[in-house]
Protein chains: 2
Amino acid sequence: MGADSPAVYLALLHYPVYNKEREVVATAVTNLDLHDLARLAFTYGCRGFFVVTPLKLQAKLVQRLLDHWLIGRGGEFNPTRKEAFSRTRVVETLEAARAAVAAETGRPARIVATSAREHRGALSFGELRARMAAEEGPWLISFGTGWGLTEEFITDVPELILEPIAGKGDYNHLSVRAAAAIVLDRLLVQAR
Amino acid sequence: MGADSPAVYLALLHYPVYNKEREVVATAVTNLDLHDLARLAFTYGCRGFFVVTPLKLQAKLVQRLLDHWLIGRGGEFNPTRKEAFSRTRVVETLEAARAAVAAETGRPARIVATSAREHRGALSFGELRARMAAEEGPWLISFGTGWGLTEEFITDVPELILEPIAGKGDYNHLSVRAAAAIVLDRLLVQAR
């Protein structure tokens with residue numbers, strides 16, 4: 001990674017997100033989300049991946065998973081997975097993630113929200129890429145689980161909102177695993 | 001989808017692939033793979049998604065899953081998932097997938113293999129995109145589960161091999177769910 005690469009962090013939020021009935025909920029952590037996003041973040045040179053959940057029992061389970069791969073048997077079984085999880089942390093809130101990034105980089109993170117819905121003022125992928133090249137980070141790119149980050153969150157918290165991924169038609173119900181992969185690839189890899 | 005969009009099909013192969021010890025195995029089907037790739041294929045306008053497994057019990061389980069979403073309660077619970085699975089089929093071999101594509105389109109599919117390993121003669125993403133724009137399909141893009149499609153398969157079966165996804169460093173251990181998302185996005189979406 002060159003010195004000119006933007007400092008990028010990922011956050012996977014399990015709260016505040018919608019469920020299918022558009023109620024605001026805290027979702028349960030999906031094991032495969034952590035494996036996929038940790039590997040993705042590592043592949044794309046992200047500095048860290050935050051699993052955000054306010055539920056203490058869920059946080060405990062995540063920490064147990066991380067310990068298994070980082071300290072326990074998992075790392076012997078599969079060293080590439082250990083490497084991927086070396087930059088994964090579980091935190092209670094996005095604020096805690098932002099504080100951790102500030103402690104690490106000496107600068108407050110600029111929070112970017114992603115959404116499958118349209119939002120006024122959302123940046124296109126090209127616009128965000130240009131800003132990441134021109135402006136100083138660190139950048140904390142946030143993904144919601146369930147049926148996505150709540151409107152209230154998106155209005156209040158992030159500095160920047162990224163446009164939805166458009167495929168070939170009107171259908172966009174990608175998994176957060178697929179969406180995060182596409183977003184990082186579009187933002188961080190130039191060679192096509 | 002315009003009439004000029006290339007006809008693209010996806011195949012997820014559970015055999016012949018490597019396990020971690022580089023033995024040739026048939027892997028078990030992962031439920032989330034089917035959900036993610038069906039939604040991805042639908043989002044990107046693919047004509048079909050083939051789940052390929054030679055194991056009869058596994059094929060039966062996949063068919064039961066499809067029936068749940070297409071005929072059973074699943075479709076009422078979540079209509080967008082029903083839509084995504086409407087183009088998913090389970091077949092025993094890639095040959096059977098190729099035959100189904102030929103029956104549907106009247107032309108033999110051109111098989112593209114993907115791999116996280118380097119191969120002589122592999123096309124870059126830009127090269128394959130250019131060929132898909134200039135030449136007639138249909139295109140059947142194949143992904144391996146486990147630790148990837150075997151060398152023997154890659155040498156013998158596909159007409160074309162696609163270069164590996166490169167992130168920011170040497171690490172490339174993406175999940176097949178993330179890899180398929182990035183590959184389709186790079187091949188099928190031009191707007192950046």
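**Where chain A meets chain B**

Colleague: Which residue of chain B meets the side chain of Asp36(A) in a salt bridge?

Modeller: This is a predicted model: local features need pLDDT of at least 70, side-chain atom pairs count only at pLDDT 80 or more, and totals for chains, interfaces and linings use all residues. Side-chain values use heavy atoms, leaving out hydrogens and water; residues are numbered from 1 along each chain as its sequence is written, and chains are lettered from A and ligands numbered from 1 in the order in which they are written. A salt bridge needs a side-chain nitrogen of Lys or Arg within 4 Å of a carboxyl oxygen of Asp or Glu. At 2.6 Å, N to O, the partner of Asp36(A) is Arg177(B).

Colleague: How many salt bridges cross the interface of chain A and chain B?

Modeller: The pair Asp36(A) and Arg177(B) forms one. Across the interface, the rule finds 4.

Colleague: Which helix gives the largest share of the side of chain A that touches chain B?

Modeller: Helices are DSSP runs (H or I, at least four residues), numbered from the N terminus. H1 (31-43), H4 (79-85), H6 (125-134) and H8 (176-188) of chain A each supply at least two residues. The largest share, 7 residues, comes from H8(A).

Colleague: How are H1(A) and H8(A) oriented to each other?

Modeller: Their axes, lines fitted to C-alpha atoms over the stretch in contact (heavy atoms within 4.5 Å), take angles from 0 to 180 degrees between N-to-C directions. Here the axes lie 10 Å apart, at about 10°. Angles under 35 degrees count as roughly parallel. H1(A) and H8(A) are therefore roughly parallel.

Notes: Angles under 35 degrees count as roughly parallel, over 145 as roughly antiparallel, 65 to 115 as roughly perpendicular and the rest as oblique.
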